[in-house]
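The entries follow the order in which I checked things.

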Amino acid sequence: MAPITRPRRARFVHNTKAEADSEQEEEDSSSSSSGEEEDDDEESSFLPSSSKIEENKIEEKETIKHKKEPITISLKKVCKVCKKKGHEAGFKGAIYIDCPMKPCFLCKMPGHTTMTCPHRVAMEHGVIPSVKRSTKTSLDFIFQRELKAKAPSLMKPKYVIPNQLECGNIRFHSRRITYLEFHPTNNNILLSGDKKGQVGIWNYVKLHEKTVYESIHNCIVNSIKFDLRNNDKIYTASSDGTVSHTDIETGLSSSLLNLNPNGWNGPKTWHMIYGMDMSDEKGLVLVADSLGYLYKLDKRTNELVEKPILIHKKGSKVTGLHFNPALPDLLLSCGNDHFARIWDVRKLEPDSSPLASLAHDRVVSSAYFSLKTGTKILTTCQDNRIRVWDSVFSDLGIPSREIIHSHDFNRHLTPFRAEWDPKDSNERVAVIGRYISENYNGVALHPIDFIDTNNGTLLAEIMDPDITTISPINKLHPREDILASGSSRSVFIWKPKKEEEDENGEKEMELKRKNREFVYGNNSGKKTNGKKSHDDYSSDDDDFGKGGKKRKNVKKNDAKFTLTVSKGKGKSKN
């Protein structure tokens, strides 16, 4: 008798209903055909005894086989990515395993996994400079001669790269950090904005001097710019559709632009401001919204100059704006329509055409002119490519280089942006956080990469066992060899490792790491009615507070934490 096959969903459930129905059928059949059974007994009495014995043995075997039927349980691995059996994908400890049915997460090409991707082994793999074309004009040579800085031909030494964690402000903000900006004159002041609309001011030399202004905006702070004529004033742009002018000493702010005066009327009419930049020579503050429009603000009157101008596809988000530092008439914009565009500010009018359109495969997160001469362009695209154009006067149809780098991300992260090193006179070094983690002594860490944009070489990758969260926001100091990184709600300061520390060995480094001091923010550990607050459950959580997971290899005495309270809250002018 063949084994009974049961439905897959009922493997672990006893089918009592079927047994009861079979018993009921047996009772009905026995009651209705009692006469037939008697006839069968009479007929069986005439059978020989040996045949009866064999028949009873067969029946016993069938009943035993029916009772001892094995229940099969499928223990095959099921992949969470493609939902197929036989393999699995995801993290195993500190190592991420790719789904073999999907292309490489890094280069987006099939045939290999992320762990074996040649671009992961060597970032400069496949980075070939574009074919040299004789497209340079006399204007290009004049521009190079007049504005190109006379810099040494050698790359700056490796030791000036800030590769050692100096200090940190743990949970400085109540939500994840979205923007960082150094003070233009005070070397020790760092400004930060977060997802909740707060603006923080921190003196990282005097660790405990910090202020958080909570009432400047209602949601994400997407840009912070200093007023160079008055260093105590800043311009901030937010996803609530407002641009504010704030005094960082008093916290008093005034709203210069409000694109949503009637409040929330649905996502189709809600304007969010992402890109913002200013030009002191032009006396303009330019902002762009989530529907593709550009707005001009006069810095003297703090009022709109003209009607909004459509610079990207209607309904698409403009993610960034940047004035050319050498030629302020040139403006670079990027957006969700997969383009970065160069504009002449003097000719910005409705239905005006850009000077050039740089096509990309996916959303362009950022686009910047080089900070010294303004001749190069650096863009970050969500197809895991960093693109470089060597000259704004050459053919801009094809980038000079494409560097494959891991910065494609999911939700709950601020977009990664590759930014120039403002101190590099050669205009070669860029810094960007990495999305894919690396196995560091059994802990999954996300490094911050320093890249040579001339050939795609990875100059340095900096990481620290105390930082296990991703660092998408990174800002290099304009005058000193300092890097500020925003990871979740915390801010960290990196400085170069000294040569003495390299010679003395790992013991002194470990001792210094244990004596390192961090400031603990005032927003952690809050409870409401005996339960954790909403911030503790958010995806922006980090590993330093009560909500974070404990790491096995990091002891409690590895870092000294100090509880401090921020100074005050910002106020708004009516």
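The entries below go through the sheet strand by strand.

Entry, ground rules. I am working with a predicted model, where local features need pLDDT of at least 70, side-chain atom pairs count only at pLDDT 80 or more, and totals for chains, interfaces and linings use all residues. I number residues from 1 along each chain as its sequence is written, and side-chain values use heavy atoms, with hydrogens and water left out.

Entry, layout. I looked up the strand order and found an open sheet of four strands, 25-26-29-30, with antiparallel pairing. Strands here are DSSP runs (E, at least two residues), numbered from the N terminus, and two of them pair if DSSP finds at least two bridges between them. At the edges I noted strand 25 (419–420) and strand 30 (457–462), each pairing on one side only.

Entry, strand 25 to strand 26. Two bridges join these antiparallel strands. Glu 419 is opposite Val 431 of strand 26.

Entry, strand 26. I checked residues 429–433 and found five of the five buried, buried meaning under 20% relative accessible area with a 1.4 Å probe, protein chains only. Val 429, Val 431 and Gly 433 point one way, while Ala 430 and Ile 432 point the other way. In a regular strand, side chains alternate between the two faces of the sheet.

Entry, strand 29. Five bridges pair strand 26 with strand 29, antiparallel; Ala 430 has Ile 451 as its bridge partner there. Strand 29 (residues 448–452) also pairs with strand 30 over five bridges, again antiparallel. In that pairing I found Glu 461 of strand 30 as the partner of Asp 449.

Conventions
Buried < 20%, exposed > 50% of the residue type's maximum accessible area, 1.4 Å probe, protein only.
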